[in-house]
Amino acid sequence: MSACSVTLETLPQHPEGKEILTCLQCGVCAGACPYGDVMEYPPRRMIAMMRAGMQEKVFTSDSLLSCVACYACMAKCPRGIRLTEILLPLMKEQTLAYLPELPAELQRALQNTLRYGNPMGEPSRKRAAWVKTAGVPIRSFAEDRRPADALWFVECYTSYYPRGQDNSRATARLFHRLGVDYAILGNEEKCAGECGRLTWEPGLFETLMDYNMAVFQKYQFNRVVTSCPHAHNAFKNRYPVLGFNWALEHVTPFLAKRLDGLNALLTRKLPYLVTYHDSCCLGRQNEFYEAPRQLLRAIPGVKLVEMVHNRVNSLCCGGGGGGMWLDTYFKAKGYERLSERRVREAVATGADILAVSCPYEISRFEDALKVLGYDKRMMVRDVTELLAEAMEE
Amino acid sequence: MHILVLLKMAPDVVEDLEIAPGGKALDLDCLRMILSESDDHALEQALLLKERHGAKITALALDAPEVDDALFTAAAKGADRVMKVVGMDPGFTTREAARYFSQAIAEEPGLLPADLILTGVQAIDDLDGLVAPIVADGLRMPYLGIVTGVALEASAQAARAIKEYPAGVRGEFLVQLPAVLGIQAAEKPPRYVPVAKVRAAMKSVKIECSQALTLADGGLPLVGVVEMKRNEPAGHAEMLEGKPDQVSGQLCGILAERGLF
């Protein structure tokens, strides 16, 4: 189904729309939804109301503001209805049209993403500034147009957010030691826009998609490797409508496929007890459950323990679907922050490292650890950071 | 009711600013331009008045990089007509900007009569806030600046404008229309417009162009730039480290040493 051609009006004519009409009203989606207990209209009721022609009531409520696009409803639906991919974004788009005012934090993030190509409102011309701190050479296509095997699409938090840059520096070191033939887009890169679409902003998403595709087509490469599961999601599921047909990989499974080469490099023992958080996009949406665990087990000294909710049952960090920029709004409504819920589970394992594979999670979980007073007991580290640490210089 | 909103692009300070060789102006080639923040508020105030009373809004901008995006966004938000003044020499002064606006308002059909002319009271490159009063003077209209709210009288012959003063004092002014108002802040923050609407406006809305006329020579400028340079950091922050009692001890020592006790 094209990302651009479907509206709520035309939805019932598409196979996916017909699928929604077959909903059993079992309510598993509402039970699986991390905010299902506080939504005025949880997913089951949304479907029932849409079928009854009462969708305007849903749009005028703020129920869809709480959808963090975690794919839990979709993963659990016994009929396989693709709620997170199809119905919820279309309904969110209508909610935006009805909202008298967007929450200020979200509005700023969307405006920044449109203007500067990143939600933080950082200068677009400094997107690649972190490269100078990488400690290894990093080629940018803008400076050296020679073809490369891989285009590394770094993404926003990994380019600008200081702790996100640790992930980028680690990835650069790993690629360098593995001899990966890659280049980045540097300051030409803009956010892939996945959260734009899943937030409510298909126009923003299409603008970013048009822009990034035009930049991709300037250069020659065989595959796109990205540090961000959200970008991976966008490239895999949405960009193909504009001709995206390169091989695609997220950094974590990309590295797991090179474990033979990596094993020889992982010589430093890290005496860590690690618990791994499955990101929604990488896990439920793409079923990359084992790759990050394989990488963690390959690190000498690392012991892995699982949280109660893991793999398909993983709890969302609360950052998807615009949740990254709705913390203040959720706080004002009295909702529990999902990152805090998740961190409690992580701490309960006794682990001293919470390992992640999504750049959103570093800031969300580090904040949650501080808020709950667990920041001395547990650290948040990206899988790539741990791998890089385990490499001797 | 016809509301004319004057829009000006200003340097975007999120991106680095460079000073041009010669040291008297910003390097225009390195600048990114963005709609001046208080002009965005002027547009929002016009949209609020349109929602309350019904009005036709014309957005008139001076040509600059990215001005088309600002005008299409204005149209997507609800401006009925969008126009830009083109053909000016780059690097025009604030006074010249005001004169280009005045010229276009006088020359272009349909821009007058306007009941209200709203524009930002200041811009980061017009801290003196000269554009609105010079336009008002040229059009022989009353001017009121630093306005934070506007309500129309029932007769639509006058407006009540709110100004905020220090110490929590609020002033309400009655101004006969037509008038020029310098908006400091709209009654609500500028609204969000979905990008899809802006993209639709790009396809359906035509930005009219008004050719700037050569300005009559005003003689030697009364005020001119002598030098523009970056502030040089005079020192750096000193980070105090240690346990709280050690840090407080160090802090007391520094304050005493500098004669602040």
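Predicted model: local features only at pLDDT ≥ 70, side-chain atom pairs only at ≥ 80, totals over all residues.

Colleague: What is the predictor's confidence in chain B and in the complex?

Modeller: On pLDDT, the predictor's confidence in each residue from 0 to 100, chain B has a mean of 93, and 98% of its residues reach 70 or more. For the complex, the predictor gives an ipTM of 0.90 and a pTM of 0.92.

Colleague: How many helices and strands does chain A have, and why is chain A called as compact as a globular protein of its length?

Modeller: Chain A has 19 helices and eight strands; these are DSSP runs numbered from the N terminus, helices being H or I of at least four residues and strands E of at least two. The globule rule is 2.2 Å times the number of residues to the power 0.38, and the radius of gyration is taken over C-alpha atoms. For 393 residues the rule gives 21 Å and the radius of gyration of chain A is 21 Å, so chain A is as compact as a globular protein of that length.

Colleague: What makes A:Glu287 partly exposed, and is B:Ala167 buried or exposed?

Modeller: The count is of other C-beta atoms, placed from the backbone, within 10 Å of the residue's own: 20 or more means buried, 12 or fewer exposed, and anything in between partly exposed. A:Glu287 has 13 such neighbours and therefore counts as partly exposed. B:Ala167 has 4, so B:Ala167 counts as exposed. Each has a positive phi although it is not a glycine: about 60 degrees for A:Glu287 and about 65 degrees for B:Ala167. A:Glu287 is in the loop between β5 (273-276) and α15 (290-297) of chain A. In chain A, 52% of the 393 residues count as buried.

Colleague: How do you know that chains A and B touch?

Modeller: Two residues are in contact if their C-beta atoms, placed from the backbone, lie within 7 Å. By that test, 15 residues of chain A are in contact with 11 residues of chain B. On the side of chain A, α7 (104-116) and α11 (202-216) are the elements that give two or more residues, and α7(A) supplies the largest share, five residues.

Colleague: What makes β1 and β2 of chain A a pair?

Modeller: Two strands pair if DSSP finds at least two bridges between them. Strand β1 (residues 148-153) of chain A and β2(A) have three bridges, in the parallel sense. One bridge partner in β2(A) is A:Ala183, facing the entry A:Leu151. The open sheet has four strands in the order β2-β1-β3-β4 (chain A), with parallel pairing.

Colleague: Why are β2 and β4 of chain A called edge strands?

Modeller: Strands β2 (182-184) and β4 (247-250) of chain A each pair on one side only.

Colleague: Which peptide bonds are cis?

Modeller: The bond from B:Leu112 to B:Pro113 is cis, with omega near 0 degrees. Another cis bond joins B:Leu177 and B:Pro178, where omega is about 5 degrees.

Technical notes. Residues numbered from 1 in each chain as written. Chains lettered and ligands numbered in written order.
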